Amino acid sequence: MVGMSVLRAGAGFAARLNQLKHGFSNGRLLTRTVPKTESAAVRYGSHGKQMFVFKPSDYYDRRFLHLLRYYILLTGIPVAAIITYINVFIGEAELAEIPENYVPEHWEYYKHPITRWIARNLYDPPEKNYEKMMALIEIESEKAEMRRTQMDVRKLMREKGDGPWYHYETMDKSLIDYSPKSTPDN
Amino acid sequence: MPDGFDKDVYPEPPRRTPAVEKQTGLPNPADILIKLFQYTVDVPVTTFRDWVEHQHERNRFYYYQQKFRRVPDLTECKLGDHLCNYEAEMQWRRDHKVDQEIVKVIKERLGACQQREGNSYLQNCDKEMNQFRQVSKAYQSRYGDLGAYGSAQKCLMKQKHRMIAERKEATAAED
């Protein structure tokens, strides 16, 4: 590639030199003017001389961008259409005072219809979460209390020794045979 | 601003448009431009918006502000009563959020005042400025340096230290 351009430049230079040799004397080379081949103003009816342009392949880039647009718009357009439909035809809720003797459902505290739908069908009511958390806390606190009382009971029984724990079963005293030691002469 | 705002808190600035004294017979180009804008942009957009509102009118539904019952505070809970602690903590968090919103509203009022008064806001916005200072000082003293893991208990301890400091100051002032 580089060699080609060097060869082309060399060929152009050689052509200029040859022209000079034929037409004029050798002494005054630098003062001669040489007519350039491209300096005439030519107006084409078409797009000019067809060039075979060398450039690196853009196949992969264009393929990537095409696929990106395709996969984004595949779900993007339906989602945008649905959301536009909901915003135009169903609309957002209006703020109102809670009527007398009416307890609103947990989804009626949200404004946008999609949020309301999600709160109604997908999420649990916040009261349920609250109660679940309180149930867990109750269970854990009862467990902690039981463990603490067990620890105290164990300590006291071990210390005092009058409880059902920390005493080992012995045999009935009536089964003991005192006969070997009952008389002083055995 | 949308419709339901308090006219006392956000007063409209007095109009300063001068009376028109036309001295030429030529039409005013500003009027022409205004009319042009009105017919090309304003009217279509308004009609579209009215049509959309009409669609909304057909099936209206409402949303409400949730009212929570007051539960006993952290000061009224017994020592090992974890359930009472949890409820008090949740109530404190709700109150914290409400206080944050209050500070935001006061800040917005101050901003609205500054926007209204223009270059003379430093002398005309005194009331809003004082209100904002008071509210932010109160917020700082109550919820100020609790940090990201702030809880009802830490807030209560902060209040306790504040009261101790005040009492110490009071006794020092007496002596």
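**Entry 1: contacts along chain A.** Among contacts in chain A between residues at least 6 apart in sequence, what percentage join residues at least 24 apart? I looked it up and found 9%. I also noted for myself that this is a predicted model.

**Entry 2: the outline of chain A.** I went through the secondary structure next and found four helices and one strand in chain A. Following the sequence, I wrote down the order as α-α-β-α-α.

**Entry 3: surface and burial.** How many of the residues of chain A count as buried? My note says 10% of 186 residues. I then looked up the accessible surface of chain A, which comes to about 17500 Å². Carbon and sulfur atoms account for 61% of that surface.

**Entry 4: a charged patch.** I looked for charges gathered on the surface and found a patch of negative charge. Its members are Glu138(A), Glu142(A) and Glu145(A), together with Asp81(B) from chain B. I picked out Glu142(A) and found its place in helix α4 of chain A, which covers residues 126-160. Is Glu142(A) buried, partly exposed or exposed? Its relative accessibility is 44%, so Glu142(A) counts as partly exposed.

**Entry 5: a histidine in chain B.** I moved to His56(B), which sits in helix α1 of chain B, residues 29-58. Buried or exposed, I wondered about His56(B)? His56(B) counts as buried because its relative accessibility is 18%, and the cut-off for buried is under 20%. Which residues does His56(B) touch, once neighbours within four places in sequence are left aside? I listed Asn87(A), Val88(A), Phe89(A), Ile90(A), Gly91(A) and Glu92(A).

**Entry 6: two backbone angles.** I reminded myself that most residues other than glycine have a negative phi. With that in mind, I stopped at Asn101(A), which is not a glycine but has a positive phi of about 55°. Where is Asn101(A) found? I traced Asn101(A) to the loop between β1 (94-95) and α3 (113-121) of chain A. Asn101(A) has a relative accessible area of 83%, so this residue is exposed.

Tyr166(A) was my other stop: this residue is not a glycine either, and its phi is positive at about 55°. I found Tyr166(A) in the segment after α4 of chain A. With a relative accessible area of 31%, Tyr166(A) is partly exposed.

Note on methods:
Residues numbered from 1 in each chain as written. Chains lettered and ligands numbered in written order. Predicted model: local features only at pLDDT ≥ 70, side-chain atom pairs only at ≥ 80, totals over all residues. Heavy atoms only, no water. Helix = DSSP H or I, 4+ residues; strand = E, 2+ residues; numbered from the N terminus. Buried < 20%, exposed > 50% of the residue type's maximum accessible area, 1.4 Å probe, protein only. Contact = heavy atoms within 4.5 Å. Areas by Shrake-Rupley, 256 points an atom, 1.4 Å probe, with all protein chains shown as cover. Patch = residues over 30% accessible without salt bridge, like charges linked within 9 Å, V, L, I, M, F, W, Y side chains within 5 Å. Salt bridge = Lys/Arg side-chain N within 4 Å of Asp/Glu carboxyl O. Lys, Arg positive; Asp, Glu negative; His and termini not counted. Charge placed at Lys NZ, Arg CZ, Asp CG, Glu CD.
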